[in-house]
Structures are given as C-alpha cells and as structure tokens.
Amino acid sequence: MEKAGSHSVFEPVLVQVVNNRQRLFVRYFLAILIDLVVLNLFNEYSDRVRIDSFTTSLFAAVLLQVLLRLTIAIEHWVAAWFKAMEGGFAVFMRYFSAWLLLFGSKFVILEAISFAFGDSVQFLGRFHGVLVLILVIVTMLLAEELVARVYRWLGESREASDKTNGEGIRR
C-alpha cells in the first residue's frame with residue numbers, strides 16, 4: 001500500500017487545477033496547440049494553405065485563437081441584446097446577426113493574418129482564400145470539441161469506475 005503523498009515512478013503526480021486562472025490557462029493552451037496541429041496538417045497536406053515556418057504557424061495559431069474567442073464573445077453579446085427584445089423580428093435579427101458576425105468575421109480574420117504575417121501565411125483559393133480559412137477554422141473547432149468530449153468522457157468513466165469498485169482516487 002502506498003503512503004499518502006507518494007507515487008510510483010511510472011505514474012504521473014496527480015495535478016489538481018485549483019483556480020479559474022489555471023483552468024483558463026489549460027483550456028486556451030490546449031486550444032492553441034490543437035489549432036497549431038490543424039494549421040500544420042493543412043500546411044503539409046493541402047496546397048491551399050502555405051505557412052513559411054513552424055514558429056510562424058505557432059503565432060498564427062495564437063492570433064486565430066484570440067480572434068475566434070473575440071468573435072464568439074461579440075456574437076454572444078449581440079445575441080443577448082436581441083434576446084432581451086420581444087417579437088419575431090428580434091428573433092430573426094438574433095440569428096441573422098449571429099450568422100453575419102460569424103461569417104463576416106472570417107474576412108476580418110483573414111485580413112488580420114495578412115496584416116500580421118504578410119506572405120508568410122497564405123490561404124489560397126476562391127474568394128481570396130476565405131473558403132479555405134473557413135474550412136480550417138471549422139476543422140479547428142471540431143478538433144477542439146472532440147478533445148473536450150474525450151476529456152469529459154474520461155472524467156465520467158473514472159467516476160463510474162470509482163463508484164462501482166468502491167475505490168477512491170489514489171494519490
């Protein structure tokens with residue numbers, strides 16, 4: 001039996017996130033790494049995405065994550081504003097403004113990437129690369145959601161197995 005506070009050499013030390021700043025750090029750090037992987041996979045396997053270096057793709061992943069989170073925050077704020085109103089027109093405007101912001105923001109994101117990185121990061125194709133950028137962003141969001149679902153599933157699986165065999169988490 002292991003003593004409290006000890007751990008096997010082959011098992012990682014249990015790390016518990018204790019505050020919201022740590023949770024946000026892990027969440028966005030992981031999201032940036034996922035975005036980095038997606039960007040580099042598109043760079044490697046598609047002729048529509050060109051990135052000069054790994055370092056540039058890292059900075060592009062950070063910029064994309066910041067701009068995507070900003071877009072989503074603005075979309076939620078506008079949706080809440082229309083949701084507070086009564087009537088069918090408000091409902092229509094809520095959905096229309098969400099679509100407009102989420103679609104239109106891709107042009108802003110593409111321009112921001114062009115401004116920040118010039119020819120070092122290029123999305124090529126129809127509509128000056130906007131369709132490819134949308135595909136990359138949708139892939140990023142799907143990959144982030146997949147990782148989040150696996151993470152939640154692993155937590156549920158652990159809780160279920162702890163309850164069925166009566167063991168607590170060893171530390």
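Rings of Phe, Tyr and Trp (for Trp, its six-membered ring) pair if their centres lie within 6.5 Å; planes under 30 degrees apart count as stacked, over 60 as edge-to-face and the rest as tilted. The model shown here is predicted: local features need pLDDT of at least 70, side-chain atom pairs count only at pLDDT 80 or more, and totals for chains, interfaces and linings use all residues. Residues are numbered from 1 along each chain as its sequence is written, and side-chain values use heavy atoms, leaving out hydrogens and water.

**View 1. An aromatic cluster formed by F89, F92, F96, W99, F103 and F107.**
Start with F89 and F92, which both lie in helix α3, three residues apart, or about one turn of the helix. (Helices are DSSP runs of H or I with at least four residues, strands are runs of E with at least two, and both are numbered from the N terminus.) Now look at how much of each residue is uncovered, using relative accessible area: buried means under 20%, exposed over 50%, and partly exposed in between, with a 1.4 Å probe and protein chains only. F89 counts as exposed at 61%, while F92 is partly exposed at 48%.

**View 2. Two ring pairs, F25 with F29 and F89 with F92.**
How many aromatic pairs does the ring rule give? The count comes to seven. In one of them, the ring centres of F25 and F29 are 5.5 Å apart with the planes at 20°, so this pair is stacked. F25 and F29 are four residues apart in helix α1 (residues 20-45), which puts about one helical turn between them. F25 is exposed at 56% relative accessibility, and F29 is partly exposed at 46%. For F89 and F92, the centres are 6.5 Å apart and the planes stand at 35°, so that pair is tilted. Here is a handy rule to keep in mind: an α-helix has 3.6 residues a turn, so residues three or four places apart point the same way.

**View 3. Helix α3, from residue 88 to residue 117.**
This helix has 30 residues and reaches 43 Å from its first C-alpha to its last, close to the expected 44 Å. The expected span is 1.5 Å times one less than the number of residues. Which residues of α3 are buried? They are A90, M93, S97, A98, S105, K106, I109, L110, I113 and F117. Just after the helix, G118 takes a positive phi of about 60°.

**View 4. R94 and the ring of Y95.**
The charged end of R94 sits over the Y95 ring, 5.2 Å from its centre. To count, NZ of Lys or CZ of Arg must be within 6 Å of the ring centre and within 35 degrees of the ring normal.

**View 5. A salt bridge between R69 and E144.**
Side chains of opposite charge can pair when their charged atoms come close. A salt bridge is counted when a side-chain nitrogen of Lys or Arg is within 4 Å of a carboxyl oxygen of Asp or Glu. In this one, the nitrogen-to-oxygen distance between R69 and E144 is 2.8 Å. R69 belongs to helix α2 (residues 54-83) and E144 to helix α4 (residues 130-165), so the bridge ties together parts 75 residues apart in sequence. R69 is partly exposed at 24% relative accessibility, whereas E144 is buried at 12%.

**View 6. One salt-bridge network of E145, R149 and R152.**
A search of the whole structure finds three salt bridges. R149 meets E145 at 2.9 Å, N to O, and these two are four residues apart in helix α4, about one helical turn. R149 is exposed at 54% relative accessible area, and E145 is partly exposed at 34%. R152 also meets E145, at 3.4 Å, N to O. R152 is partly exposed at 44%. Their shared partners join E145, R149 and R152 into one network.

**View 7. The chain as a whole, with four helices and two strands.**
Along the sequence, the pattern is α-β-α-α-β-α. Buried residues make up 26% of the 171 in the chain. With contact meaning heavy atoms within 4.5 Å, 67% of the contacts between residues at least 6 apart in sequence join residues at least 24 apart. The accessible surface comes to about 12500 Å², and 66% of it belongs to carbon and sulfur atoms. Accessible areas come from the Shrake-Rupley method with a 1.4 Å probe, and for residues only the protein chains shown count as cover.
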